[in-house]
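Subject: Structure handover

Hi there,

Here is the structure I promised to pass on to you. Please have it open beside this message as you read.

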Amino acid sequence: MARLLIIGSLEGELGAAARVAIARGAKLGHAEGVGAGLERLRVEGADLALVDLRHDVVWLVQALAAERIACPVVACGRAEDADAAVRAIEGGARDFLPLPPDADLIIAMLEAAGAAPRQDAPLARDPAMATLLGRVAQVARAEASVLLTGESGTGKEVMARHLHALSKRARGPFVALNCAALPETLLESELFGHEKGAFSGAVAARKGKFEQAEGGTLLLDEIGEMDPRLQAKILRVLQEREVDRLGGGAPCKVDVRIIAATHRDLLSEVAAGRFREDLFFRLNVVALRIPPLRERPSDILPLADHFAARYAQVNGLPERMLAPLARHRLMAHSWPGNVRELENAIHRAVLLAEGHEIGPEAIELSQPAAHHAATPATANATPTAAPPGQVASLVGRKVEEVERELILETLSHCLGNRTRAAEILGISIRTLRNKLGEYRTAGIAVTPAPGQPPTPLQIAV
């Protein structure tokens, strides 16, 4: 269930927003003021916070940042509160919700925050996916850990949410954490929580993701990127069913089902000494591989139609059908970015389309399909040497320059998706982040991650 915290009085128009969220299946929390709201976020966390503009929204945003609590904040007020709304946005609020609330806008905000409940099964028309969904239904009612594998963008989190919805824990929380998105020190605090004073900035006790998922399911996404020291701690939680908060004196019992996801081959990571073998076998009780989109071609057009209808509704645009030539172009592409790439392409097409249908001119793809085509004969082929002319063009250049150019062009090709870029480059997400940090320090523009605004430097460039 989605977790929504409303800060302000429920007697007025915020109460209407609460009723819309509850009707969508959200789990509602309430606090009268920002102080009480901060305390609830420390203890329980939330996927989204709606805050009445009559309260100090900027103070709350700054307090959350200081305590490293990840929760998007949306300021709520009437149209005449425009000046206060601007101050809230400039102070770090994610968005502004005009009151009285519009139901569709609330739903769109929940979806943007990744908090909207997924009540339907993943869309599947291809036999490969139909077989997988049958396996998911078969194992969902068990308590065993599940390991989801598959390329980036195939929908591992969607499948994890579906598995949770079918399980005996469906009434409990579903909590997801991307292990590649945080440095090791922050990841440990996010997982296990901390006591007041455990480290600089720990001004109050806080539950970690394991405790927040009590009675439900915890998704550890991109677990292959986790540091071996934290892997040992995860193994202990799985064995003992208890967690030790940072700075805590006694362990806390937890009742959580673990779903782990990765785009890496964990057996190869074990052989290379980067992933613990004992943890692998603990997680790999049930293994489910989600096939890439190129292996499930019968799903391409149904997914495209689904995304076209969804983003037309979200953006308040008329629903348009995909023209035959547009459908042909979608089927000709090999979709290296999988479902995520298809979703982004259709979202752009919905915004760019003119007339009564979505034509091929609105379908903007990262590269021509021929550049990505991967047949069974070539997908695992050994890379060949570059043509002599291309090698000659590199002579005289420093290795660091060539490496930097390769990394930045790959990141741009992946539209800022760090995980996908690291996969293509064959390096860890941690190494990629370190390289990008060096480039920024040197004043070099770096493609922002999806959903992040460009920095002033990048705007200037």
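First, the ground rules. This is a predicted model, in which local features need pLDDT of at least 70 and side-chain atom pairs count only at pLDDT 80 or more, while totals for chains, interfaces and linings use all residues. Residues are numbered from 1 along each chain as its sequence is written, and side-chain values use heavy atoms, with hydrogens and water left out.

**The open sheet**

Helices (H or I, at least four residues) and strands (E, at least two) are DSSP runs, numbered from the N terminus. Two strands count as paired if DSSP finds at least two bridges between them. On that basis, 5 strands make an open sheet with parallel pairing, in the order β2-β1-β3-β4-β5. Its edges are β2 (27-31) and β5 (95-98), each of which pairs on one side only. From one strand to the next, the twist averages 25°; for such angles, axes are lines fitted to C-alpha atoms (for helices over the stretch in contact), and angles run from 0 to 180 degrees between N-to-C directions.

How many of the 5 residues of β8 (residues 217-221) are buried? The count is 5 of the 5, so this strand is largely enclosed by the rest of the structure. Buried here means under 20% relative accessible area, exposed means over 50%, and partly exposed lies in between (1.4 Å probe, protein chains only). Both faces are covered, with Thr-217, Leu-219 and Asp-221 on one side and Leu-218 and Leu-220 on the other.

β8 pairs in the parallel sense with β7 (residues 174-178) over 5 bridges, and also with β11 (residues 257-262), in the parallel sense over 4 bridges. Thr-217 takes part in both pairings: it is the bridge partner of Phe-174, and it stands opposite Arg-257 in β11.

**Lys-435**

Lys-435 lies in helix α21 (residues 429-441) and is partly exposed, at 22% relative accessible area. Neighbours within four places in sequence aside, Lys-435 is in contact (heavy atoms within 4.5 Å) with Glu-403 and Ile-407. Its C-alpha atom is 9.8 Å from that of Leu-408, a residue 27 places away along the chain.

**Salt bridges**

The whole structure holds 23 salt bridges, each defined as a side-chain nitrogen of Lys or Arg within 4 Å of a carboxyl oxygen of Asp or Glu. One of them joins Glu-188 to Arg-229, with the closest N and O atoms 2.8 Å apart. This pair links distant parts of the chain, since Glu-188 is in helix α8 (residues 184-192) and Arg-229 is in helix α10 (residues 228-240), 41 residues apart. Glu-188 is buried at 8% relative accessibility, whereas Arg-229 is partly exposed at 40%.

Arg-276 and Asp-278 also meet in a salt bridge, at 2.8 Å from N to O. Both are partly exposed, Arg-276 at 31% and Asp-278 at 34%. Another bridge connects Glu-295 with Arg-289, the closest N and O atoms being 3.2 Å apart.

Best wishes
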